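Here is a short walk through one protein model. Keep the sequence and the 3D view side by side as you read.

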Amino acid sequence: MTESASLQVFKSFANAFARKDLDAMMACLSDDFVWTLPDGTADPTGREVRGHAAVREAFRQRFFDHPATAPAFSDIGVEVLGDVLLVRYRVCASGGATGKVDACGIEIYRVKEGKLTHKDVYWKQVAWPEG
């Protein structure tokens with residue numbers, strides 16, 4: 001896959017996210033998509049969500065069910081390395097399952113056959129959640 005094709009599928013995903021269009025987001029993902037989150041109890045990987053149906057539900061719960069406490073992203077930068085994308089950003093959230101969060105993050109996306117296949121998320125804590 002070319003770098004421009006990898007970037008295009010990511011842009012389609014990011015634009016769908018910005019529009020809060022879950023169906024369009026899911027259209028960018030492979031059927032066996034894996035989302036590795038920056039939290040959880042499974043050492044050393046954290047929490048993983050696998051497969052289209054489970055990822056759809058996790059996206060809905062985390063980003064769309066409670067808009068007042070959903071994470072907000074800023075300072076976004078994207079680097080493309082063939083079929084790998086590195087996305088840097090700042091994330092802030094006021095509550096919810098993770099509590100108050102203010103962190104810098106990086107996500108590693110993998111692309112295969114025109115679809116995102118993996119989203120691996122890492123956060124560098126700026127302010128640790130209370131509790």
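Start at Lys20, which sits in the loop between helix H1 (3-18) and helix H2 (22-27). Helices (H or I, at least four residues) and strands (E, at least two) are DSSP runs, numbered from the N terminus. The model is predicted: local features need pLDDT of at least 70, side-chain atom pairs count only at pLDDT 80 or more, and totals for chains, interfaces and linings use all residues. Residues are numbered from 1 along each chain as its sequence is written, and side-chain values use heavy atoms, with hydrogens and water left out.

Most residues other than glycine have a negative phi. Lys20 has a positive one, near 60 degrees. Lys20 is exposed, at a relative accessible area of 59%. Here exposed means over 50% relative accessible area, buried under 20%, and partly exposed in between (1.4 Å probe, protein chains only). Glu113 also has a positive phi, near 50 degrees. Glu113 lies in the loop between E5 and E6. Its relative accessible area is 73%, which makes Glu113 exposed.

Now turn to the strands. Two strands pair if DSSP finds at least two bridges between them. Strand E3 (residues 72-81) and strand E4 (residues 84-93) run antiparallel, with 8 bridges. One of the partners across them is Arg88 in E4, which bridges to Gly77. E3 and E4 form a hairpin with 2 residues between them. In that turn, Gly82 has a positive phi of about 70 degrees. E4 also pairs with strand E5 (residues 101-112), again in the antiparallel sense, over 10 bridges. There Val84 stands opposite Arg110 in E5.

Next come the aromatic rings. A pair of aromatic rings is described by the distance of the centres and the angle of the planes. Rings of Phe, Tyr and Trp (its six-membered ring) pair if their centres lie within 6.5 Å; planes under 30 degrees apart count as stacked, over 60 as edge-to-face and the rest as tilted. By this rule there are 12 aromatic pairs. One of them joins Phe10 and Tyr109, edge-to-face, at 5.1 Å centre to centre and 65 degrees between the planes. Phe10 belongs to helix H1 and Tyr109 to strand E5, so this pair ties together parts that are 99 residues apart in sequence. Phe10 is buried, at 8% relative accessible area. Tyr109 is buried too, at 2%.

The rings of Trp35 and Phe63 are stacked, because their centres are 6.0 Å apart and their planes meet at 25 degrees. Trp35 is in strand E1 (residues 29-36) and Phe63 in helix H3, 28 residues apart. Trp35 is buried at 2% relative accessibility, and Phe63 is buried at 8%. One aromatic cluster includes Phe10, Trp35, Phe63 and Tyr109.

Where is empty space left? Rolling a probe the size of a water molecule over the atoms shows this. A cavity is a set of points on a 1 Å grid over the protein atoms alone where a 1.4 Å probe fits but cannot get out; lining residues have an atom within 4 Å of a point. The structure holds 1 cavity of 30 Å³ or more. The largest cavity has about 70 Å³ of space, where a volume is the space filled by probe spheres set on the points. Its lining includes Trp35, Phe63, Phe73 and Tyr89. Helix H3 (52-64) and strand E6 (115-127) each give two or more residues to this lining.

Technical notes. On a 1 Å grid over the protein atoms alone, a cavity is a set of points where a 1.4 Å probe fits but cannot get out, and a pocket is an open set with protein on both sides within 12 Å along at least five of seven lines; lining residues have an atom within 4 Å of a point.
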